[in-house]
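Here is my notebook from a first look at a new structure. I kept the entries brief and noted each rule where I first needed it.

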Amino acid sequence: MQTAINRKLNFKKNAIFLILIPTFIYLIIFFIYPIYLSFKYSFTNISLYDISHYTYIGFSNYVDLFKSHGFQNSLYITLLFLLVSAIFGQMFLGSIIAYLLTITQKYFKLIVTTIILIAWATPQVTAGIMWYSTLSYIPTGTINFFLSSFGFKSINFLSTKTAIYSIMLANIWIGLGFSILIFLGGIQNINPSIIKASYMDGTKPFTRFFAIIFPLLKKSIITDLLLITLFTLGTFTLIYVLTAGGPAGSTNLLTIYQYHTAFSLFSLGFANAIGVIIILIAIVLSTIYLRFIKVE
Amino acid sequence: MKITKILTYTVLTLLAAIFIVPFIWLIVESFSPVSDLGFVIPSHFTLAPFYKVLTNHEFINSIYEGLIQSFGGTLISVMFSIGPAYIFSRKKFKLRLYLLLSILFLTGFPVFSLLIPEYIFYIKISLYNTLIGDILFLGVLNVPIDIWILKNSFDQIPQSIERAAFMDGASSIKSLFYVFLPLALPIVSVLIILNFVVNWGNFYVPFILLSSNHLLPIAVEIYSFFGTFNVRYNELAAFSIIYTIPAIILYMFSQKYMIKALSGGIKG
């Protein structure tokens, strides 16, 4: 008798956990299952011509991948892009700019922050089109228009050699706002007396930033690094609209390489292997960053 | 001291100027009477490109599709996130930490790499090139981050309020609906805006999962317009402005909450 009542009470108390079930089913079917599929298909020779017939070919997709020049080039470009655009451009420059903003006058800070945030809020398709017409060489884009009207020589920003820097610039432009918001929040949380004390000591502004503020921002830095690295690794739209991986594969990030492999070369097995490598890079990098948080 | 101050202001002013440069072409071109891909100062300014875009049936249909798909995805993700967020915020149970960490893992997942397996999966279960398939995938992508944002915001609502309701004999589920949700309403509405903007800006999901012209949302329509032969660039610019301005306004409105929730999110 007693146990029956208890059980009934327990059920009533735990009934709320049933809410989890539909969400987890939804996530499993549309999110987890495709993750499993991308691993599964990466071991097959599945092709876009006929998706219902394929055979398992073991690791040969991966072996071919690491042998191919296209992939090596793409991996190199992606890592360089991550290093310059995410880590240096957005995280490092972002923290400096956020600090500079905190020492300026209120309204000036508001205007500059808003301008940077508008770039971040711009949808990527629009951003790609805008950057294309800004950097364009023939016909003359905005930058070259101003260069030539001041008597300078026009520069081809989207050539085989320069396009990689252009996509880095465009990506820093769109991503900087996010880092700045995170760092502005982080700097606000620093005890103001620490900063005041450094003024008393007569510390130079440069040293003040690198010796005092930067180390105190550790938590914001790791949060920011983790998120922007993952965002940048998954960047597709902006670069696809701006250069589509060209010219001559010079901006062929892994995501764009994966897209072309699937829909221009019809080789879905190969494309899934590229996808798995993107996933593995994301897992490795996030584990490294999260290790730093655990140390705290 | 004074030199560093002048230097700071100069650097930041220059930075702001550089950030504005990409917008110049878009704005000037959208009011231009002729079509130029490069930058040309027009002979006079006109609203004709906007008028042409807003009277084009295909463009209007793509705006409509964009609205339906973005709202549909938003509705589904918010619906599926409120319950789990409440449980993660209020209940302590065995698997809690593991489930939370897996949700965090999905939040940062490089989603683009999933589109090709999803594409094969969708063809097999005939969801490919359907409105509902597109909405379901847009929806599922935002569920993990929504659970995080909601959980972190729910943590701020004091538990004592529901305890009082519980004492009065309301069950957990009843207290969730009648006591808790009204308090969480402001956060949920910000989240709806944020989800809408993210879906509105999403290009690659409809680009890969849809193919019929009448289903393409505004993001994909702009891209295909950009890629066609003999593009009328002034109309493209006007169309992009119509697409971009609502997104910027809504994003500016909701970004504060997202940052708060994301930077609070890591400590779990």
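**Entry 1: chain B overall**

I started with burial in chain B: 46% of its 268 residues are buried. Here a residue is buried if 20 or more other C-beta atoms lie within 10 Å of its own, exposed if 12 or fewer, and partly exposed in between, with C-beta atoms placed from the backbone.

A note to myself on the source: this is a predicted model, where local features need pLDDT of at least 70 and side-chain atom pairs count only at pLDDT 80 or more, while totals for chains, interfaces and linings use all residues. Residues are numbered from 1 along each chain as its sequence is written, and chains are lettered from A and ligands numbered from 1 in the order in which they are written.

Next I looked up the secondary structure of chain B and found 11 helices and 0 strands. Both are DSSP runs numbered from the N terminus: helices are H or I with at least four residues, strands are E with at least two. Along the sequence, the pattern reads α-α-α-α-α-α-α-α-α-α-α. The C-alpha trace of chain B spans about 75 × 65 × 30 Å along its principal axes.

I also checked contacts, meaning pairs of residues whose C-beta atoms, placed from the backbone, lie within 7 Å. In chain B, of the contacts with a separation of 6 or more, 78% are between residues 24 or more positions apart.

**Entry 2: chain A overall**

Chain A has 14 helices and 0 strands. Of its 296 residues, 43% are buried. Its C-alpha atoms fill a box of roughly 75 × 60 × 30 Å along the principal axes.

I then looked up the radius of gyration of chain A, which is 25 Å, whereas a compact globule of 296 residues would have one near 19 Å. The radius is taken over C-alpha atoms, and the globule rule is 2.2 Å times the number of residues to the power 0.38.

For contacts in chain A between residues at least 6 apart in sequence, I noted that 70% join residues at least 24 apart.

**Entry 3: where the chains touch**

The classes are simple: Ala, Val, Leu, Ile, Met, Phe, Trp, Tyr, Cys and Pro are nonpolar, Asp, Glu, Lys and Arg are charged, and the others, Gly among them, are polar.

Helix α5 (residues 106-121) of chain A and helix α1 (residues 2-30) of chain B pack at about 30°, with their axes 9 Å apart. Axes are lines fitted to C-alpha atoms, for helices over the stretch in contact, and angles run from 0 to 180 degrees between N-to-C directions. So α5(A) is roughly parallel to α1(B); angles under 35 degrees count as roughly parallel, over 145 as roughly antiparallel, 65 to 115 as roughly perpendicular and the rest as oblique. The residues in this contact are V112(A), I115(A), I116(A) and A119(A) from α5(A), and L12(B), A16(B), F19(B) and I20(B) from α1(B). By class I noted 8 nonpolar, no polar and no charged residues.

**Entry 4: helix α4 of chain A and its partners**

The axes of helix α4 (residues 69-102) and α8(A) come within 7 Å and cross at roughly 40°. The two are therefore oblique to each other. Their contact has 16 nonpolar, 9 polar and no charged residues.

With helix α11 (residues 218-233) of chain A, α4(A) packs at about 145°, and the axes are 10 Å apart. The class count for this contact is 9 nonpolar, 5 polar and 1 charged.

**Entry 5: single residues**

Y165(A) is found in helix α8 (residues 163-188) of chain A. Is Y165(A) buried or partly exposed? Y165(A) is partly exposed, because 13 other C-beta atoms lie within 10 Å.

Most residues other than glycine have a negative phi. A248(A) has a positive phi, near 55°, and its place is the loop between α12 (237-242) and α13 (254-263) of chain A. A248(A) is exposed, with 11 other C-beta atoms within 10 Å.

N129(B) also has a positive phi, near 60°. N129(B) lies in the loop between α5 (115-124) and α6 (131-154) of chain B, and with 14 C-beta neighbours inside 10 Å it counts as partly exposed.

Key
Two residues are in contact if their C-beta atoms, placed from the backbone, lie within 7 Å.
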